[in-house]
Amino acid sequence: MEPTTEIQVKQQVREFYDQVGWQEVGEGVYQNARFEDLRPVSRAYIHNCHLRVGKHLMPEGKYFLDAGSGPIQYPEYLEYSRGYQVRVCADISIVALQEARQRIGDREQGGQGLFVVADIANLPFADQVFDGVVSLHTIHHLPAGEHQQAFLELFRVLANARSAVVVNGWESSSISNLFVAPLKWGRRTRKRIARRLGRARKVPANQNKKAVSTFVNKHDASWLNEEVGNRINLEILVWRSVGVRFLKAYIHPRFGGEWVLRQIYWLEERFPHFMGEHGLYPLIILSKDDKNSNGDF
């Protein structure tokens, strides 16, 4: 049964990541990696997209908040807090924080880590305490009614004259839909043909199904501007305009895949606002100045 209350939603998300999402399937690779394209042909593109986050953060400071840190899944994530004294990892998953502790402990340089079980919509931190804040692919796991509150909480704990970066996904993407629609049509067609030929794959009714995903609720750029942008300073840029389904379907080493991704990345750099609003994954910058630093939203 789908979760029906905010408490049930959060419990489901916590259980998924404790029991499935953050379980290691290899050295530094987690079950949750199936939501990413780890093939060599896509490696440079994804690496460069990860590095976009750090370009909008202060290079150094005292406290850095990773809200919904997970296990600090990719090496690039560590770079965001390289110049900070303390990286605070906040997550509702105990497994995630245990893994993050190991990652922080392996750092060759930089500050220490603190690990806090916390709900990012109700952060247990004082106002304006963090010189840098990131939240990556986390807010969409909250109940819809808490999304605005989560953005405001990240803004509240952000120090004056500093920036926070939020990466999330849109509910839909006009750019991605152009390429994904043919894939859906092809899959439906193959299923219809298989049924007519009597080749449809049958799954035993008593077969146990392991959870493969968790609760996700996403919005669009209009919602973000209306519900959050009218209360705090924000800017929508692009983190990544295409998703895993596009990458695995259209990007292949034998057909110039790396070249295609270089062109996509160039377009994203050339038109960051358009690609951010119409692509799949926006990079949302929250910035605080003297006029809105008192936390009175």
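Tutor: Start with pairing: two strands pair if DSSP finds at least two bridges between them. The model is a predicted one. In it, Ile 236 stands opposite Ile 284 in β9.

Student: What makes β8 and β9 a pair?
Tutor: The requirement is at least two bridges. Strand β8, residues 234-240, and β9 have six bridges in the antiparallel sense, so by the requirement of at least two they count as paired. Val 238 also stands opposite a residue of β9, namely Pro 282.

Student: Why is β8 called an edge strand?
Tutor: β8 pairs on one side only, and β5 (112-117) does likewise. The open sheet has seven strands in the order β5-β4-β3-β6-β7-β9-β8, with mixed pairing. On average, neighbouring strands are turned by 20 degrees against each other, direction ignored.

Student: Why is β9 described as largely enclosed?
Tutor: Six of its seven residues are buried, so β9 is largely enclosed by the rest of the structure. Buried here means under 20% relative accessible area.

Student: How do you know whether Arg 240 is buried or exposed?
Tutor: Its relative accessible area is 1%. The cut-off for buried is under 20%, so Arg 240, at 1%, is buried. Arg 240 lies in strand β8.

Student: What makes the link between Arg 240 and Glu 36 a polar contact?
Tutor: The side chains of Arg 240 and Glu 36 are joined at 3.0 Å.

Student: Which residues touch the most other members of the largest nonpolar core?
Tutor: They are Leu 65, Val 133, Phe 151, Leu 154, Leu 224 and Leu 286, out of 32 residues. Among the elements that each supply at least two residues are β3 (61-67), α5 (147-157) and β9 (281-287). α5 gives the most, with six.

Student: What does Leu 154 contact away from its sequence neighbours?
Tutor: Outside four places in sequence, its contacts include Val 133, Val 166 and Leu 286. A second, separate core has 24 residues, among them Val 53, Tyr 80, Leu 280 and Tyr 281.

Technical notes
Residues are numbered from 1 along each chain as its sequence is written. This is a predicted model: local features need pLDDT of at least 70, side-chain atom pairs count only at pLDDT 80 or more; totals for chains, interfaces and linings use all residues. Side-chain values use heavy atoms; hydrogens and water are left out. A nonpolar core is a set of buried Ala, Val, Leu, Ile, Met, Phe, Trp, Tyr and Cys residues joined through side-chain atoms within 4.5 Å. Buried means under 20% relative accessible area, exposed over 50%, partly exposed in between (1.4 Å probe, protein chains only). Helices (H or I, at least four residues) and strands (E, at least two) are DSSP runs, numbered from the N terminus. Contact means heavy atoms within 4.5 Å. Axes are lines fitted to C-alpha atoms, for helices over the stretch in contact, and angles run from 0 to 180 degrees between N-to-C directions. A polar contact is a pair of N or O atoms within 3.5 Å; within protein, one must be able to donate a hydrogen and the other to accept it, and residues adjacent in sequence count only if both atoms are side-chain atoms.
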